[in-house]
Amino acid sequence: NPYVQGSSGTANLYLIDGVDTSDPRVQTWGKALNFDSIQEVQVTTAGHTAEYGRAPGGIINLVTKSGGNEFHGTFRWVESREEWGSDWQEGKSGGGRTNESRPIFTLGGPIARDKLWFFVGYEKRDNSRGYTWYATPEDKDNNDLSSGRTSYAGDYSNVKLTWQARASHMFAGFYNQDPITLSPLQRGWYGNSYHEDTEREQFQGGWD
């Protein structure tokens with residue numbers, strides 16, 4: 001949520017293939033996307049044309065990849081283990097106590113050559129992070145910390161179909177999902193403070 005041309009972080013417009021995906025409630029970015037499914041990023045910081053008049057900040061448009069007449073794909077694996085950084089991260093919170101296994105792949109190609117193409121992307125999110133917290137107000141007064149783990153789990157997945165109906169007419173359909181559950185929400189994500197609702201989960205993202 002950058003500040004652009006002196007505007008606030010809520011004054012930008014976030015698009016995927018030209019479709020507004022800004023969060024209507026808080027006016028910040030509203031969708032998460034598998035990065036390997038992005039073809040290019042277009043950023044406009046000034047001189048917007050009339051259709052962008054409602055965004056005094058920046059215009060950020062993500063153009064997603066499409067299939068073609070040849071099959072192409074990518075595969076990556078992101079792995080993080082807290083013991084790998086335990087020596088230099090001792091006593092620190094956050095990233096140094098994170099475990100994660102994150103497979104990421106994309107595949108695109110023809111369904112009917114020169115007419116119909118597909119593209120799919122998938123990214124699994126399964127992040128587990130260690131934390132310390134005060135179980136009760138009395139524990140906070142006595143500086144008696146408990147240990148546990150909090151998780152960020154879900155996936156970023158998308159499917160795109162592109163149809164060349166005529167030489168001058170192309171149609172595309174794009175489906176994206178980014179369901180994520182943070183559990184428990186308060187512990188670990190917001191420091192060591194005691195909260196009465198420390199067991200609460202948060203669901204974010206959805207299906208579009």
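1. The model is predicted: local features need pLDDT of at least 70, side-chain atom pairs count only at pLDDT 80 or more, and totals for chains, interfaces and linings use all residues. Residues are numbered from 1 along each chain as its sequence is written, and side-chain values use heavy atoms, without hydrogens and water.

2. The count of aromatic pairs is four, where rings of Phe, Tyr and Trp (its six-membered ring) pair if their centres lie within 6.5 Å; planes under 30 degrees apart are stacked, over 60 edge-to-face and the rest tilted. One of these pairs is Phe71 with Phe118, which is tilted because the planes stand at 55 degrees, with ring centres 6.3 Å apart. This pair joins distant parts of the chain, 47 residues apart: Phe71 is in the loop between strand E4 (59–64) and strand E5 (72–80), and Phe118 is in strand E7 (residues 116–133). Strands here are DSSP runs of at least two residues, numbered from the N terminus. Phe71 is exposed at 55%, whereas Phe118 is buried at 17%.

3. The rings of Phe203 and Trp207 are stacked, because their planes are at 20 degrees, and their centres are 5.9 Å apart. Trp207 is exposed, with 53% relative accessibility.

4. Phe203 and Trp207 also belong to a nonpolar surface patch with Ile111, Val159, Leu161 and Tyr175, with about 600 Å² of accessible area together. Such a patch consists of residues with over 30% relative accessible area and no salt bridge, nonpolar side chains (Val, Leu, Ile, Met, Phe, Trp, Tyr) being joined within 5 Å. A salt bridge is a side-chain nitrogen of Lys or Arg within 4 Å of a carboxyl oxygen of Asp or Glu. Areas come from the Shrake-Rupley method with a 1.4 Å probe. Ile111 lies in strand E6 (residues 98–112) and is exposed at 52%.

5. Arg102 lies in strand E6 and is buried at 16%. The Arg102 side chain makes a polar contact with that of Glu123 at 2.8 Å; a polar contact is a pair of N or O atoms within 3.5 Å, in which, within protein, one must be able to donate a hydrogen and the other to accept it.

6. Asn34, in the loop between strand E2 (19–20) and strand E3 (38–44), is buried at 0%. The Asn34 side chain reaches the backbone nitrogen of Asp36 at 2.9 Å.

Definitions and conventions. Patch = residues over 30% accessible without salt bridge, like charges linked within 9 Å, V, L, I, M, F, W, Y side chains within 5 Å. Helix = DSSP H or I, 4+ residues; strand = E, 2+ residues; numbered from the N terminus. Buried < 20%, exposed > 50% of the residue type's maximum accessible area, 1.4 Å probe, protein only.
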